[in-house]
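Here are a few exercises to work through with the model open beside you. Try each task before you read its solution.

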Amino acid sequence: MKKHVFLFPFLLIFCFSFATAQNGYWQQHVDYTMSIEVDVEAFAYSGEQSLIYTNNSPDTLQRVFYHLYYNAFKPGSGLEAASRNAYSDKRNMSKNLLSLDEDDWGDVKILSLKQDGVLIAHTTKETVLEVALATPLLPGKSTTLDMSFFVKVPAVVRRAGKNNSDGVAFSMAQWYPKLCEYDDQGWHANPYLGREFYGVWGDFDVTINIDKDYTVAASGYLQSPEKIGHGYADLDPEVVHGEKISWRFIAPDVHDFSWAADPEYIHDVVPIKDGPVMHFFYKNQAPYLKSWKEFQPYAVEFLTFFSDNIGKYPYKQYSVIMAGDGGMEYAMCTFITGSGYSDYRRLLGVTSHEIAHTWFQFLLATNESKHAWMDEGFTSYIDDAALNEALGLNNVVPNKGAYEAYFSWVATGLEEPLTTHADRYKFRRGYGASSYSKGSVFLSQLGYIIGEENLYKTLRLYFNEWSFKHPRPYDFIRCAERVSGLELDWYLMDWAQTTKQLDYQVNSIVGEGEKTRIVLKREKQMPMPIDIEVVLNDGTSVVYNIPLTMMRGHRPLAGARLLESWSWAQPYYIFEVDFAKESIVEVIIDPLNFTADINKKNNRL
Ligand SMILES: [Zn+2]
């Protein structure tokens with residue numbers, strides 16, 4: 001799909017002409033300065049945090065909230081209860097949490113909290129800290145929040161913790177008291193039930209004091225690497241390390257910060273031409289030495305593919321870190337488990353997916369809890385496209401698996417709409433089939449509706465307008481409308497906000513001398529423009545395009561013959577072709593299978 005790369009100059013023009021698209025948009029801002037003292041024996045740390053929080057909203061804030069994620073990792077927590085009551089809970093988090101020794105429970109204690117030097121009241125409600133401000137924070141004003149805290153690191157139950165399955169000592173995601181986001185829909189102080197994230201944009205300045213044998217991998221740029229060594233730079237011969245090393249990382253323009261540390265990390269550095277420096281951290285253990293080397297060129301290729309097709313990776317470094325459980329995306333890095341990935345090919349899918357997340361949701365920072373499909377779905381779509389190219393698979397529909405997963409979930413009759421909150425899907429499989437699969441189909445099907453080139457132009461416009469912000473579904477579909485010139489709100493609404501299904505049928509073929517009438521029928525509620533192929537007995541075929549009337553136009557035809565548009569309210573559509581019925585071998589709706597038509601059998605006659 002390198003053909004999409006040349007679109008950039010065109011989009012620059014686009015950006016200027018739509019510079020007013022976000023009139024009235026605002027977002028909060030926070031700058032973090034944190035320093036922690038790690039006790040590697042006790043798997044605990046004490047920390048000091050200073051936040052400068054700026055209220056860019058038009059509202060006066062009386063309260064603020066923080067996430068305290070590690071309080072979820074103990075028996076009786078909301079996470080444990082939600083997991084216990086979840087259907088088909090393969091991870092079985094509840095069982096794991098209930099069987100933890102108390103030593104392995106997570107805990108975050110707030111020791112003191114001051115606003116502009118004045119002690120303020122705060123209440124810990126499990127994974128959320130509720131804070132009443134001493135002085136209300138007026139629109140346009142900033143306030144400083146100073147906190148002392150103590151954290152006990154849990155065993156790895158979900159994404160973060162101590163001694164993961166590869167034996168990585170510290171997998172530190174969601175590890176600090178993290179300010180909740182406030183936007184034009186109010187506060188988002190979600191209790192942590194194991195799923196998605198939403199954070200405040202800002203700058204992080206983080207110092208980690210840890211025993212000198214540990215190599216630290218983190219979001220951001222390591223300061224004075226020559227005083228640290230550990231693969232970041234040649235160690236200054238003048239430097240003699242004491243018991244601990246003080247690692248200071250600066251991460252500008254992010255909404256989260258993560259780190260991992262282990263005394264056995266190998267640290268490889270791979271600079272990308274005109275791109276960031278990639279860092280790879282993995283355990284110095286036999287099964288990984290080969291696979292974690294062999295997949296590095298692919299990781300470079302994935303990052304480059306996303307840079308070329310969505311928007312240029314804006315930071316100077318990216319790290320792939322063996323840590324956590326499974327794979328999870330963070331600021332300028334990802335945590336990926338090594339276990340079971342002794343063959344490098346088994347690392348490719350997860351790596352492509354997690355690196356793609358840098359764009360969706362990290363840079364295009366949707367509220368993942370409310371719009372999980374814009375995060376997981378868009379990521380799944382583009383990671384399949386990257387794999388298709390990197391591995392030379394040449395699949396016409398690279399995300400074919402997403403269609404299959406969606407179809408099989410629809411068949412259960414249990415589907416919930418994509419507007420469902422990520423934590424509150426009734427079924428775990430429903431969350432996956434919806435957010436990942438139906439969300440991925442959202443994009444490929446949009447490519448069918450507006451044309452694939454227009455889809456990639458849309459992604460670039462979306463990136464140019466909405467990176468480093470918090471876009472919402474309508475912000476995306478407006479980009480698609482402006483690129484294509486078509487009206488598309490029907491698509492967002494019916495695909496993402498309902499569980500309407502798509503089924504079109506070739507109803508009948510009626511010969512009338514040298515002409516033939518073809519009758520189509522819309523069997524279900526979901527509207528869709530129709531590509532229809534008429535295959536002739538001389539081996540040729542003709543493709544027709546039937547737009548929806550409510551699109552007010554059609555996609556670039558690419559050789560297809562344009563027919564009258566089809567009004568959604570009409571269940572039948574009849575058109576005439578200049579071929580005798582005897583010369584027609586077959587009539588096929590959507591011959592390339594880009595639409596999520598739930599009954600393919602009636603697509604042909
Ligand atoms: Zn994902």
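**Exercise 1.** Is Lys212 buried, partly exposed or exposed?

*Solution.* This is a predicted model, where local features need pLDDT of at least 70, side-chain atom pairs count only at pLDDT 80 or more, and totals for chains, interfaces and linings use all residues. Residues are numbered from 1 along each chain as its sequence is written, and side-chain values use heavy atoms, with hydrogens and water left out.
- Lys212 has a relative accessible area of 33%.
- Buried means under 20%, exposed over 50%, and partly exposed in between (1.4 Å probe, protein chains only).
- So Lys212 is partly exposed.

**Exercise 2.** Find the residues that coordinate the zinc ion, and say which parts of the chain His357 and Glu376 tie together.

*Solution.* 
- Pick the donors, meaning N, O and S atoms within 2.8 Å of the metal (3.2 Å for Na, K and Ca). His353 (NE2), His357 (NE2) and Glu376 (OE) coordinate the zinc ion at 1.9 to 2.1 Å.
- Water is not among the atoms, so sites may look incomplete.
- Read the spacing of the donor residues: H-x3-H-x18-E.
- Helices here are DSSP runs (H or I, at least four residues), numbered from the N terminus.
- Check burial: both His357 and Glu376 are buried.

Technical notes
Helix = DSSP H or I, 4+ residues; strand = E, 2+ residues; numbered from the N terminus.
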